[in-house]
Amino acid sequence: MRVPLQWLREYVDVQASAEEIAGRLSVSTCEVERIVRHGVADADGNLGLYRVGRVVEAGKHPNADRLQLCRVDVGEGESRQIVCGAWNFGVGATVAVALPGAVLPDGQRLEEVKLRGESSSGMILSERELELGTDNSGILVLADGPDPGTPLVELFPLGDEVLEIETTPNRPDLLSIYGLAREVAALFRADLRPMPGSDPARTAEDEVSIRVEDVEGCPRYVGRAFSEVRIGPSPLWLKARLVSAGMRPISNVVDATNFVMLALGSPLHAFDRLKLAEGRIVVRRATPGEEIRTLDGNARALDASDLVIADAARPIAIAGIMGGEDSEVTEETASVLLEAANFEPVGILRTSERLSLRSEASGRWEKGVDPHLAEPAARLCSQLFAETAGARWIGEADVKGDLPARQVVQLRPERTSALLGLEVEAGEQRRILESLEFDVGDDLRVTVPTFRSGDVTREIDLIEEVGRVKLDEIPFTLPERREMFGRLTREQRLRRIVEDALVGASFSEAYTPSLVTEDVRADALRIPQPQSFDQAVLRTTLLPSLVEAARHNVSVGNEGVALFEIARVYLPDGGELPREEQHVAGIVEGGFPRAKGAVETILGSVQLQGSYRRGSHDLLHPGKTAVTDHGVVGELRPGILEGSWGAFELDLGSIELSDHLRYEDLITFPPIKQDLAFSVPDDVLVGDLAEAAHAAVPELRKMVPFDVYRGEQVGDGRKSIAFRVEFRSPERTLTDEEAAAQRDKIVNVLKLEFGAELRS
Amino acid sequence: MDADAVAAEALVAVEAASSVAELDEARVRYLGRKSELKQALREVRDRETGMALNSARRRIEEAVAARQAGLERAELDRSLSEERTDITFPGEAQPRGHLHLITQVRREVEDIFLGMGYEVVEGREVETSHYLFDALNMPAGHPTRSPLHTFFLDDDVVLRTETSPAQIHAMEARKPPIYIVSLGRCYRRDTADATHYPIFHQVEGLAVDRGLTLADLKGTLLRLLRLLFGEEREARFATHFFPFTEPSIEAYVSCFLCDGTGCRVCRHSGWIEIGGAGMVDPNVLRFVGYDPEEVTGFAFGWGLERMAMLRHGLPDIRALWENDLRLLEQF
């Protein structure tokens, strides 16, 4: 919202600068995004260069058909010659003039110039050039009266500093200049003036017929009738206010309703009373199939949940959102029905979202407007109708449901101090609350004003009121507790260990989205209405996402790609919520051995050894895939990515981090090391040989293959595998004879089980 | 003969030798079989003379050995320096990967809070609306409860929009005092752009204890901001609104790029918005069975991406999900 400060200062007597006001508001009230200057800049005497002028001569420019050559009295004794492009005035007109040296609202500095051979020492201004409105069809012709030379700023606001603020949803009361003035008054200990507006005289007692069929949707409806309305442009001060607040002036009646909305926060609507069937207002839900053409020119189909303002025959406005074209106030309008009502927020929000139709009014209603505001809003608007459109007030109806009673909340001032960590005297707490228009009783029983009823219902809410005003004074402390111990859990430590192990093994960490286009599991959880196809399914596996990450890197020419990710997968298991597992997955250039090396690194980082069995996986080569107790490792199927890639995915939850590893003496008794080579049938697995050997000989501590050979010397269908083996006893140094006996045992077992032959 | 005089002369000669060969000459001259000293030793008769001669011999031998070592070292250096390598040539590559930037920030935040005595708790990413909304005092009609903002799997099951449900679970599972942080993935139906991504990471902290104050919250966040952004940083707080805290505040850190003088990053205000915080709403405490008259609490929830992007000058949040090695390897 835009908050023009001159306007604000009409309601609160505060001397502080725009920066000071913005600073205090942004700490204690709402975010102030920036301060902007609207209209003519007020610096270095600039305002004084804008004056009232009287045209004393006007005629065609001798060298240009479209230009007028004028002499204008600006109170200097001698008149100035000014060239002007507009023709909507003549001799005697009172106009707005900027003198050479003036800085225009668009930032340009006006200079003495020659236009088609004639000097021009000044500029006759249009509304748009003054940022008073959008009209640029001619220059601004002022009402007669003020003397030439009078500073323009004495007639209407030439410019203003405007705060652009962002309010939170709990504070609909801040969506008004008066509401912000109230805050400023509290923050600067300044006087808040009474709410503006006083009723004009009522000159007749016309009946105003208003029926509210849906009191819940519309707890308050004040309808006021006016006659002898003369529609026309608003006075300049009113235009200036609206434009500085970001609204376009339209006509005096419409501008008055908008002015009151901005000033007080309660949106109003003006109907052409003569266009209402039977002159009646009925507030009701729409009937299915009803339609309305709204002020923006669009036909809107209504449904039974939409609240409408109707006359005897048809909807004439979508309540709280937008009026209808049929009952619009036009230049011919002479009789006006003013609506100052209150609408329930949720229904307005629903209709506004359904129709994708938002307005200044709906934005306020959907946040909740104080029902008690309808009355002062009607009052101020009536005053403006009378003053700006010559309207006569001739009748009123006020329909209200049960308006909420004001809440009473007990405040314990010591509780405030205890919660804030700042000693605030009870008297100061009272002052703050009273300045925010809370009524505070002797015993600090606090009656909440109706414009804060949605937000302040409990003691803690009152404490917040004090706290936000005192926020900058609250010190920086730390909790007093000393017995606090922070430590990562085993799972958290495991995650870090694995991350570090993989980084050490040259893998870089990837983050890929948990929502994917498709998943291997048909029962994977789906988002019912995904916003885009690639965020439709909660993945049950990480690998496909890593394949895409690798593909990206390959496509941009990155080399040596090795990526891993640790993230959740979401496994449906019949319950209300899926089982969430923490997985670690990786992808790496270089095929099966690289991937298996990474898995061994992970398991090795927590002193585990895996056992590997043949397995299968959608993405992996059927001959080069292994499963372990923790997951799968293999080579990517050819064709998925160019070249040879290894991949793995393990369930981190299945890996246990042991807290109590025991020392094993590998130093006192040295091992005996030997190299053994066996010839075996081609389909025998190295792992099976080692497993059988270990089972047969407890002193066998290591059996690591280091060479595989196929060829003539071993014969068809066979291969030779060379192992480095170590025999070691924890109790003594083994003799060569003992080692030989153990070796023979291994040879026998492997021969028996696998047809293995020891090669010399 | 005068043993001392011979020794003195020999030491000078040894010291003067500028090569191993010269030294050898000197050694032969003073210690060789035909040397004056050796001859004198052969002829010695009395103990006193013998001791004096032996002492002189020892001194000369030591000097020769020392000089020998020095000359050999110098000669080796001379020959080694001829095998010079190009020391500006890159070393042998020791391939090493990189932790993702978000992980690095996550660990840093975890460590800061571990240091302050907090525990790190994990939570589910798929939650019930009960824990995500009801427990957090989120009224019906709150925008976050709309499927336009939140991923619903069905009416009751949602992807968490913040990590707070983990805190509710933690509070339900134990009694105060509680000092915890939870970090992890959160989900909101944002359209991806330079500063939004439907998946993001949050760190939320929660403390519940007797006598905790808004001042404690301010102090805790000031520590966090200084540890993350530098000890010279200042913190500022502004009132705000969240359903689950009362009072609610928003934290700002003095701009670490311009030091408060105004720049593009801080939008010329000198302050950078970091995230929300507040005193735990009594309704939230009551929801988990705590008595708000007995204990109070504070909480905050900040985005890890935002911290990382601010600190490292990353312009586009989407880059964090691209996993391009050219980015990953920078951190």
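## A first look at a two-chain predicted model

The mean pLDDT of chain A is 93, and 100% of its residues reach 70 or more. pLDDT is the predictor's confidence in each residue, on a scale from 0 to 100. Chain B comes in with an average of 91, and here too 100% of the residues score at least 70. This is a predicted model, where local features need pLDDT of at least 70, side-chain atom pairs count only at pLDDT 80 or more, and totals for chains, interfaces and linings use all residues; side-chain values use heavy atoms, with hydrogens and water left out. Residues are numbered from 1 along each chain as its sequence is written, while chains are lettered from A and ligands numbered from 1 in the order in which they are written.

Confidence can also be looked at element by element. Helices (H or I, at least four residues) and strands (E, at least two) are DSSP runs, numbered from the N terminus. Among the elements of chain A, strand β8 (residues 113-115) has the lowest mean pLDDT, 89, and strand β28 (residues 508-509) has the highest, 98.

### Domains

The domain bounds come from an automatic or database domain assignment. For chain A that assignment gives domain 1 (2-40 + 160-192), domain 2 (46-157), domain 3 (209-400), domain 4 (408-470), domain 5 (490-654) and domain 6 (672-759). Taken over C-alpha atoms, the centres of domain 1 and domain 6 of chain A are separated by 86 Å. Chain B gets domain 1 (3-83) and domain 2 (101-328), and the C-alpha centres of these two lie 80 Å apart.

### Where the chains meet

The size of an interface is often given as the accessible area lost when the parts come together. Here chain A and chain B bury about 6,900 Å² between them, and 53% of it is on carbon and sulfur atoms. That buried area is the accessible area (1.4 Å probe) that two parts lose on being put together, summed over both. On the chain A side, Phe476(A), Arg496(A) and Tyr511(A) lose the most area to chain B, together 11% of what that side buries. Counted by contact (heavy atoms within 4.5 Å), 81 residues from chain A and 85 residues from chain B take part.

Helix α2 (residues 18-28) of chain A has buried residues that include Ile21(A), Ala22(A) and Leu25(A). Buried means under 20% relative accessible area, exposed over 50%, and partly exposed in between (1.4 Å probe, protein chains only). What covers the buried residues of α2(A) includes β3 (31-39) and α11 (459-469) of chain A, together with β6 (235-242) of chain B.

### Aromatic rings

Rings of Phe, Tyr and Trp (its six-membered ring) pair if their centres lie within 6.5 Å; planes under 30 degrees apart count as stacked, over 60 as edge-to-face and the rest as tilted. Over all chains, this rule gives 17 aromatic pairs. Two of them are set out here.

| Pair | Centre distance | Plane angle | Type |
|---|---|---|---|
| Phe343(A) and Trp365(A) | 5.1 Å | 80 degrees | edge-to-face |
| Phe113(B) and Tyr118(B) | 4.9 Å | 70 degrees | edge-to-face |

Phe343(A) lies in the loop between β23 (336-342) and α6 (345-354) of chain A and Trp365(A) in helix α7 (residues 360-365), so the pair ties together parts that are 22 residues apart in sequence. Both Phe343(A) and Trp365(A) are buried. In chain B, Phe113(B) is buried at 0% relative accessible area, and Tyr118(B) is buried at 2%. Ring pairs link Phe113(B) and Tyr118(B) with Tyr179(B), Phe300(B) and Trp302(B) into a cluster.

A charge sits over a ring if NZ of Lys or CZ of Arg is within 6 Å of the ring centre and within 35 degrees of the ring normal. Arg202(A) has its charged end over the ring of Trp393(A), 4.4 Å from the centre, and Arg724(A) has its own over the ring of Phe706(A), 5.2 Å from the centre.

### A few single residues

Leaving aside neighbours within four places in sequence, Ser254(B) is in contact with Arg233(B), Glu234(B), Gly270(B) and Trp271(B).

Asp259(B) is in the loop between β7 (245-254) and β8 (271-280) of chain B and counts as exposed at 56%. Pro194(A), in the loop between β13 (191-192) and β14 (209-212) of chain A, is exposed at 68%. The C-alpha atoms of Pro194(A) and Val12(A) are separated by 9.1 Å, with the two residues 182 apart along the chain.
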